[in-house]
Amino acid sequence: MSLATLVPQDAFSTPWFGAVAALLTLSVTACAWERTGAAWRDVRRVRSRDEKRLERLRKEPHIVLAAPGLTAEEAMEAAVAALKGSGLRTTCGPSGIACARANRLGLLGSPLMHWSLAALLAVAAAGQLTRSEGLVDLLPGETKADVASSYSSVSHGPGFRGHSGLRLSCLSITPDLVVEGVRRGGTPIVRLSAGSRVLREHHVYPNKPLRWGRLMVHREEIAPVLRLAIESDAGSQVVEMRFPRGPDDKPAPCRLDLKSPQRSLALVLVPLPGRRVEVTVDPDGERARRMLSGSRPLEVASGLTLRALKFGSFARLRVVDDWSIAYIYMLFVLVTVGGCLAMFLPPREVFILTSTDAEETSLRVLVRATRIDVSFRGRLERALFSRFGAVADVGREVS
Amino acid sequence: MTLEMVMAWSAVTAYAVTAILFVIGVVFVKASLTRCAIVLTIVGAAPHAGAIIARWVGVGHGPYLGFHEVASLLAFLSVLAFIGLVAKYRGFALAGPAVMPVAFLMLGLAMLVSKDAEELTVTLTSYWLVIHVIFANLAYGAYLASFALGAAYLLQRRGSVGRFSRIIERLPEEDIVDTLAFRFVAAGFILEGAMIASGAIWANEAWGRYWAWDPMETWSLIAWLVYAAYLHLRLTMGWKGERAAWLAVAALPVIVFSLLGVPVAFRSIHGAYLSR
């Protein structure tokens, strides 16, 4: 199926859409900047000294647990076991504070994802501005250089720096290539060379383009070509007519205008299966349809005869020159990795301090979790509650 | 009738019966009927799986070409996800009246359209097809789950009194339902991003361009941005609880349209593979 089935989306190439895309890129960059700051603050908090934590635990803990009948060591042991059950690894600091952490790698996630996304948008835009894409038609045995004049149609961005000048050859066309049990249809063998040095050469079909550096060569289609002899009293001339696929996915008709001293004649030729061509004579006036087949001559007007010399095929190749593809792939991966880290490894920290007051042991707990993981504190409370049976929050006591 | 058709129609019948059982069981608060419905859902999923496998073996490719295969697989994955949720939290059987009728209709529709096997064309013969389709199915499944959880949360908030209160009480706590809904949106967001990325890479290999604003591509991106908005509203603006639940519910039609509506409404290179 050719890209002719795509409906051109003109809106996406207008300047106002470009402005919206630029705004999106700017927003993502601003988000990335803000997330990097937040992650840096979290990293600094991890490194901050025990004295600050001690003060915070004494004055403003998130959770206060009563541990009646337990010594400080026993209470701490039970708390550490509850934290282990919640997936946190505990270490004990010099000030008697137990510190439990999990998913520190997750701090990287959001900045990585947002910076990669901003970079992806920027690289994609830059790639589009410097990209070239066009169609090159090659007969079997034909060679063309990658220059503007070789293309039947080409478009490039304003920043495009020029074609590579490498040489593209179609060595042959395999009529119906079968690879791994799948029919690939008519398939050209394409060679890319620099002077006499062959850079790459293989069959080219969908999902197996020919790659070299920033160049990618795809098989757009294999289409009919007809070498036609036009014989008249004045002599004979040979023309080559190519029939690429039209918008309806069928070979497009070709118009041939013939002029002689006596008259002008317009012909429309449409290739049919089985080495036949339908010839419509004078399509704008009196119509007459004839069939040209095999090597039999066809008289289209008095003294004017057509003869098919050769029915064949040509390869239409889509040549894309875009340096940004590999970088875009890499950035896709980084966006996905960053997103996974951010969503599925939310960083968690818990600090616990035991204190004994009038022979009663209590634990003071400080919980830090990212905004992605707001339910962590509730889950931790439930886990501690199941261990100790009573949790007294700051400002709230539960018997 | 082939074995595949027998199994598929058995699944359609089972899903129809479970849909009825769930509706009666939940509306009239008959716990025994709800339990029967859960068992029958599992029983019905077995021949459905068999039908999908039989088709896979018969046509030589996975269930991702043509409406029949795509709808059948989606119905199966929805039922599977529902069974998984109910196994973890029994209270989610409350979602049965929503999930099973939809699964029944999707599979029933799949059985009524043309079941001719689509040939793997040269463009589709690539391992990227499998990667792209897996991520697509997982993403849409995750979004569907977030929709169901959002709806469950809203029911919880409104159903604390009245005839449904006994059923709603069996749901997990509100903050767990809210967190689960968020996590499924997050998972769906990552998976859909991977789907878009793998689709772009594959498009470049097959057609020579990674993005061409094809309607399917455009609407997948729109859906991704809608869920990005959900995540930002939740994480940055603090939209939790009821507001987040409403967002999760309202976002689903975008995804449904991007998967099922776009191939019908627009002429698209993807639509050729999905709407035949």
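Okay, let me start on chain B: helix α1(B) gives the largest share of a nonpolar patch, three residues. Before I go on, keep in mind that this is a predicted model.

So who is in that patch? The members are B:Met1, B:Leu3, B:Val6, B:Trp9, B:Leu109 and B:Leu112, and together they have about 680 Å² of accessible area on the surface. Two helices of chain B, α1 (3-27) and α4 (96-112), each put in at least two residues. Take B:Leu3, which sits in helix α1 of chain B. Is B:Leu3 buried or exposed? B:Leu3 counts as exposed, because its relative accessibility is 61% and the cut-off for exposed is over 50%.

I'd look at β18 of chain A, residues 304-321, which is mostly covered, with 13 of its 18 residues buried. Which strands pair with β18(A)? I'll go through three of them, starting with β11 (residues 215-232) of chain A, which runs antiparallel to β18(A) and is joined to it by 17 bridges. If you want to find that pairing on screen, A:Arg227 has A:Lys310 in β18(A) as its bridge partner. Then there's β4 (residues 132-138) of chain A, also antiparallel to β18(A), with seven bridges. Here A:Val136 stands opposite A:Leu317 of β18(A). And there's β17 (residues 298-301) of chain A, which pairs with β18(A) over three bridges, again in the antiparallel sense.

A:Val179 has A:Val182 in β8(A) as its bridge partner.

Last topic, charges. How many salt bridges are there over all chains? The count comes to 27. One of these is between A:Arg101 and A:Glu349, with the closest N and O atoms 2.8 Å apart. A:Arg101 is in strand β3 (residues 97-102) of chain A and A:Glu349 in strand β19 (residues 348-357) of chain A, so this pair ties together parts that are 248 residues apart in sequence. Both A:Arg101 and A:Glu349 are buried.

Next, A:Glu278 and A:Arg289 form a salt bridge, and their closest N and O atoms are 3.6 Å apart. A:Glu278 is in strand β15 (residues 276-281) of chain A and A:Arg289 in strand β16 (residues 288-293) of chain A, eleven residues apart. A:Arg289 is exposed, at a relative accessible area of 58%.

Back on chain B, B:Glu217 and B:Arg209 make a salt bridge, with 3.1 Å between the closest N and O atoms. Both B:Glu217 and B:Arg209 are buried. And to finish, on chain A there's a network: A:Arg131, A:Glu133, A:Glu220, A:Arg318 and A:Asp322 are joined by salt bridges that share partners. That's it from me, thanks.

Key: Residues are numbered from 1 along each chain as its sequence is written. Chains are lettered from A and ligands numbered from 1 in the order in which they are written. This is a predicted model: local features need pLDDT of at least 70, side-chain atom pairs count only at pLDDT 80 or more; totals for chains, interfaces and linings use all residues. Side-chain values use heavy atoms; hydrogens and water are left out. Two strands pair if DSSP finds at least two bridges between them. Helices (H or I, at least four residues) and strands (E, at least two) are DSSP runs, numbered from the N terminus. Patches are made of residues with over 30% relative accessible area and no salt bridge: like charges are joined within 9 Å, nonpolar side chains (Val, Leu, Ile, Met, Phe, Trp, Tyr) within 5 Å. Accessible areas come from the Shrake-Rupley method with a 1.4 Å probe; for residues, only the protein chains shown count as cover. A salt bridge is a side-chain nitrogen of Lys or Arg within 4 Å of a carboxyl oxygen of Asp or Glu. Buried means under 20% relative accessible area, exposed over 50%, partly exposed in between (1.4 Å probe, protein chains only).
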